[in-house]
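Thanks, everyone. I'll take this one quickly, starting with a sheet and ending with a loop. Here it is on the screen.

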Amino acid sequence: MMATHKTKVHKEKTTRAVVFLNGLYMGFHENGDELVKEVIAKRRTGELTSNLNISYQPSTGEIHINTSGGRIRRPYIVVKNGKPLLTKEHIEKLKSNELAWNDLLAKGIIENLDAEEEGSLSLIAMTEDELTPGHTHLEIDNSSITGVVVSTFPYSDHNSSPRLTMASSMTKQSLGLYSVNFNYRQDSRGHVQFYPQAPLVQTSSYKALNFDKRPAGQNFVVAVMSYYGYNMSDALVINKNSIDRALGRSVFYKTYETEERRYPGGQKDKLMAPTPNIVGYREEELYKNLDEDGIILPEVSIKPRDVLIGKVSPPRFMEEVATFGITEEKRRENSVTAKGGDYGIVDSVMLSESLAGNKLVKVKLRSLKVPELGDKFASRHGQKGVLGYLCPQEDLPFTASGIVPDLMVNPHAIPSRTTAGHIIEMLGGKVGCMSGRNINGTMFSGEKEEDLRAELKKYGFEETGEEILYDGITGAKLKAKIFIGVIYYQRLHHLVSNKIHVRSRGPVQLLTHQPTEGKAREGGLRFGEMERDCLIGYGASQVIKERLLEQSDKTVALVCANCGSLGVHDYVKRRDYCPVCKGTRMERIEMSYAFKLLLDEIKSLGIFPRLKLGEKGK
Amino acid sequence: MVKKLIDSGEAVGIVAAQSLGEPGTQMTMRTFHYAGVAEQVPTGLPRLIELVDARREPAQPLTDIYLIPRYVKDKKKNEEVAIALEHVSLSDVCTVTENFVRKELRIKVDLKFAQSKGITVKNIISMLRLQLDKIGKIKSKRDQILLHVDTTYAKLRKITLKVKAVSLKGVKGLNRATVVHSEKTGEYFIRAGGFNMHDVKKVDDLDYGRLYSNNVREIEKHFGIEAARNAMLKEIKQVMDLQGLLVDVRHLMLISDAMCARGSVEPVGRHGLSGRKSSVLARAAFEETVKHLVNASIEGQEDPLNGVTENIIIGQTVKLGTGKVRLVMR
């Protein structure tokens with residue numbers, strides 16, 4: 001009797017299930033398995049939304065049905081009795097455009113699973129050969145383990161995963177043709193590359209995504225060799241003549257905008273070239289290219305601080321209410337000027353209306369960005385580097401057939417990072433060049449390395465991809481054979497010309513009197529605590545004083561010799577005095593403004609700090 | 001020797017801190033990579049932090065006990081002492097259940113296990129008598145001991161805890177005593193987990209002069225500050241050596257000296273070295289700014305501006321290195 005009772009409890013546990021909908025408790029169902037079957041069948045026939053996913057954990061007896069947003073889902077081919085529902089006929093119809101993806105979804109041939117359903121109710125086969133009656137789904141392609149970006153990388157099955165992660169984040173920074181109507185767009189920042197190329201080595205998803213219509217990179221002839229010291233530590237040596245032939249060249253667009261704003265009290269901005277009577281008028285030179293409407297003319301060359309849009313605004317604070325009716329209002333200069341480092345040519349000027357109905361002006365600046373020392377390049381294998389030397393072509397090594405590399409990458413970049421895909425893409429690129437076709441480098445299913453090598457041999461190259469190179473300077477044979485091939489390289493948007501920044505003197509902060517921070521504010525580089533420690537460790541006390549006082553926030557404060565508090569200078573009576581003890585014996589003491597602030601803060605705590613003065617140098 | 005002396009005005013403290021801190025940053029990366037490996041004694045950064053914080057008790061306290069020279073190479077004697085040292089409490093060999101109705105405690109002895117530790121039921125009863133002051137009737141039957149307690153229920157629980165904690169044998173605080181053989185010297189010594197020098201001292205045949213623990217505070221308590229300073233040095237050096245990091249001992253010596261300079265082991269940080277700097281401004285610049293400023297104002301303290309931090313704050317040259325020397329007019 002005991003035994004039957006026990007089995008009864010057990011049976012109840014496995015079949016009876018608690019049902020949750022989008023995380024909320026809904027109730028019980030007598031037979032969990034049955035409910036799951038029914039829900040999935042209804043989803044496939046379209047009776048329930050295809051956005052629904054269900055999961056069932058017999059161990060906890062919980063059924064979770066989710067229809068909410070934010071779940072990551074992935075498509076699979078539905079399998080019934082060990083046979084995929086997607087047949088050859090479907091594929092033919094897809095090719096002839098009789099069927100579309102959504103039709104397959106609607107027919108329940110393909111369905112999207114979220115993580116929970118995949119984990120609890122599904123058995124997924126990677127290939128068709130693996131299928132057993134127990135399988136519920138079939139993977140569409142085994143390269144779908146990666147995301148959109150990585151799926152476009154060739155031979156990524158030969159690379160380590162951290163490199164793929166890095167490569168995919170760098171690909172997002174690459175310059176190319178981001179939009180075809182870039183000439184009509186007013187993006188706040190945009191790069192467009194000259195002559196972008198589709199890669200020689202592609203993947204099936206690269207084509208499916210139509211990336212070859214908007215490429216972001218170029219095929220470089222790359223030699224894996226060192227070139228004097230110029231490509232140490234991931235630096236790159238690039239052929240100067242290739243750059244002159246527009247390799248990696250791009251144009252950078254930047255848009256400045258402003259609008260004629262209305263203010264409470266009926267006042268309004270006015271777009272116009274400011275006149276000298278306006279408060280804050282700059283040098284005349286800066287306004288000279290403004291048109292009658294106060295906006296700059298297209299195709300004018302611009303340097304930093306040049307005024308792009310002349311604007312005059314009402315004063316910030318209401319001052320002197322007019323006593324005799326209408327007095328002329330003092331107006332304030334509020335023009336839009338080119339920021340530090342922005343050299344270029346005015347590409348276009350757009351006049352429009354803002355959402356609030358105000359007059360809106362956008363000025364687009366264009367500047368040519370020829371690759372220069374320090375610009376960043378990367379292949380699609382996480383191999384990034386900065387330009388270290390622009391080498392004249394005559395100094396570069398060449399092959400017997402006269403090929404000169406566009407780029408030389410240091411061999412030390414490869415082994416420790418295990419990016420074999422980089423090497424194989426170079427081989428593939430070489431084959432692609434010779435055969436005049438694109439190489440399929442799809443992960444797991446692309447053209448095999450051995451086949452590439454065999455084909456290379458057919459074209460009269462060594463199957464290793466190595467060639468004998470001749471020194472461009474001496475003409476002598478290089479002692480080692482050099483691996484040389486063609487690989488897709490991307491220029492990344494970290495350009496030196498947009499980042500370069502220097503300061504000798506410049507603006508200081510209002511509160512601390514210390515130099516400002518950041519490029520936009522023409523700031524300095526922080527001499528921090530650890531840098532200070534190094535100077536102390538070195539014993540260079542005069543250098544510390546210079547860095548932290550003279551070149552920072554030095555001030556001269558009046559200190560009362562009697563009571564030790566800070567004093568003031570009375571400009572009317574032309575004398576110094578102490579507001580605390582009314583003493584007049586004041587000393588001018590050099591100190592950091594930060595210390596003066598500290599004294600003020602201490603006073604605000606209700607503590608009276610006194611400075612005891614001593615003889616200088618003692 | 002005079003030639004090798006450090007020059008006056010050399011910033012030895014900063015250099016020592018940098019010399020220990022730089023490899024310390026490298027250790028962060030390395031030690032946390034050993035995650036998952038069963039750790040015996042913490043080394044690397046966690047141990048280093050433990051040391052400079054001068055914790056009262058390390059995460060893995062150890063005591064090393066050497067026997068007097070006569071027995072130091074005698075493995076058997078060492079093992080005997082080790083077994084005698086290892087602490088066994090009642091709850092290690094017995095399970096205690098409370099009977100609130102009869103107001104008695106039933107102590108069931110794991111006879112096999114107890115025997116391996118050399119403990120009999122009789123031992124247990126005598127230790128109970130010895131260590132509990134008020135005690136009721138004790139009845140025993142083979143592996144069971146019945147202890148009658150005539151108190152309230154609440155007190156019964158308290159007594160249970162006391163009974164469980166009754167120590168049957170060995171030195172309190174020491175567990176897992178093992179005999180270790182030193183390849184280099186051919187000597188044997190006993191390494192025990194935990195520390196309790198006060199009681200270990202009383203053990204016969206032990207070489208008191210070689211008694212050692214990785215608990216620096218314990219050494220300070222029993223051997224004084226000089227020994228603590230040496231132990232601190234030894235422990236820090238051991239951490240660095242184990243990681244294969246080369247740091248000149250003199251930096252470590254300076255740090256150990258600084259931590260022990262005030263007569264007791266003080267941590268580096270708010271409650272120790274930095275918190276006891278003589279300058280108000282230097283302390284306020286570190287941590288708990290307002291606390292230091294307010295306290296200084298209550299006492300009317302004066303800052304003579306002799307340190308480095310203070311002078312940087314107010315914008316003077318620091319009295320160090322090139323700022324140490326002055327020209328005097330005649």
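Start with the open sheet of 5 strands in chain A of this predicted model. The order is β10-β14-β22-β21-β16, and the pairing is antiparallel. Which strands stand at the edges? They are β10, residues 189-193, and β16, residues 301-302, of chain A. Each has a single partner strand, so one side of each is left without a neighbour in the sheet.

Now look inside that sheet. Strand β21 of chain A covers residues 344-353, and strand β22 of chain A covers residues 359-369. The two pair in the antiparallel sense over 8 bridges. To place yourself on screen, find Glu353(A): it stands opposite Lys359(A) in β22(A).

Chain A has another open sheet, of 3 strands, in the order β15-β18-β19. Its pairing is antiparallel as well. The edge strands here are β15, residues 270-271, and β19, residues 332-333, of chain A, and each pairs on one side only. Strand β18 of chain A, residues 311-313, joins β19(A) over 2 bridges, in the antiparallel sense. Within that pair, Val312(A) has Glu333(A) in β19(A) as its bridge partner.

Next, a helix. α9 of chain A runs over residues 420-435, which is 16 residues. From first C-alpha to last, α9(A) reaches 23 Å, close to the 22 Å expected at 1.5 Å a residue. Which residues of α9(A) are buried? The list is Gly421(A), His422(A), Ile424(A), Glu425(A), Met426(A), Leu427(A), Gly428(A), Gly429(A), Lys430(A), Val431(A) and Gly432(A). Note that Glu425(A) and Lys430(A) are among the buried residues.

What do the buried residues of α9(A) pack against? Partners in chain A include the strands β12 (218-224) and β30 (482-491), and the helix α10 (449-458). Also among them are β11 (201-202), β23 (376-379) and β27 (439-440) of chain A. Just after α9(A) comes Gly436(A), with a positive phi of about 70 degrees.

Step back to chain A as a whole. Chain A has 14 helices and 34 strands. Its radius of gyration is 36 Å, whereas a compact globule of 618 residues would have one near 25 Å. Along the principal axes, the C-alpha trace of chain A spans about 105 × 90 × 65 Å. Of the 618 residues in chain A, 31% are buried. And among contacts in chain A with a separation of 6 or more, 65% link residues 24 or more positions apart.

On to the contact between the chains. It takes 21 residues from chain A and 22 residues from chain B. On the side of chain A, the elements that give two or more residues are α12 (529-538), α13 (541-553), β34 (586-592) and α14 (593-604). The largest share, 6 residues, comes from α13(A). By type, the residues on this side of chain A divide into 11 nonpolar, 6 polar and 4 charged.

A word on chain B. The domain assignment gives four entries, including domain 3 (88-169) and domain 4 (277-323). The C-alpha centres of domain 3 and domain 4 of chain B lie 61 Å apart.

Last stop, the loop. Met126(A) is found between β8 (124-125) and β9 (137-138) of chain A.

Definitions and conventions: Residues are numbered from 1 along each chain as its sequence is written. Chains are lettered from A and ligands numbered from 1 in the order in which they are written. This is a predicted model: local features need pLDDT of at least 70, side-chain atom pairs count only at pLDDT 80 or more; totals for chains, interfaces and linings use all residues. Two strands pair if DSSP finds at least two bridges between them. Helices (H or I, at least four residues) and strands (E, at least two) are DSSP runs, numbered from the N terminus. Two residues are in contact if their C-beta atoms, placed from the backbone, lie within 7 Å. Ala, Val, Leu, Ile, Met, Phe, Trp, Tyr, Cys and Pro count as nonpolar, Asp, Glu, Lys and Arg as charged, and the others, Gly among them, as polar. The expected span of a helix is 1.5 Å times one less than its number of residues. A residue is buried if 20 or more other C-beta atoms lie within 10 Å of its own, exposed if 12 or fewer, and partly exposed in between; C-beta atoms are placed from the backbone. The radius of gyration is taken over C-alpha atoms; the globule rule is 2.2 Å times the number of residues to the power 0.38. Domain bounds come from an automatic or database domain assignment.
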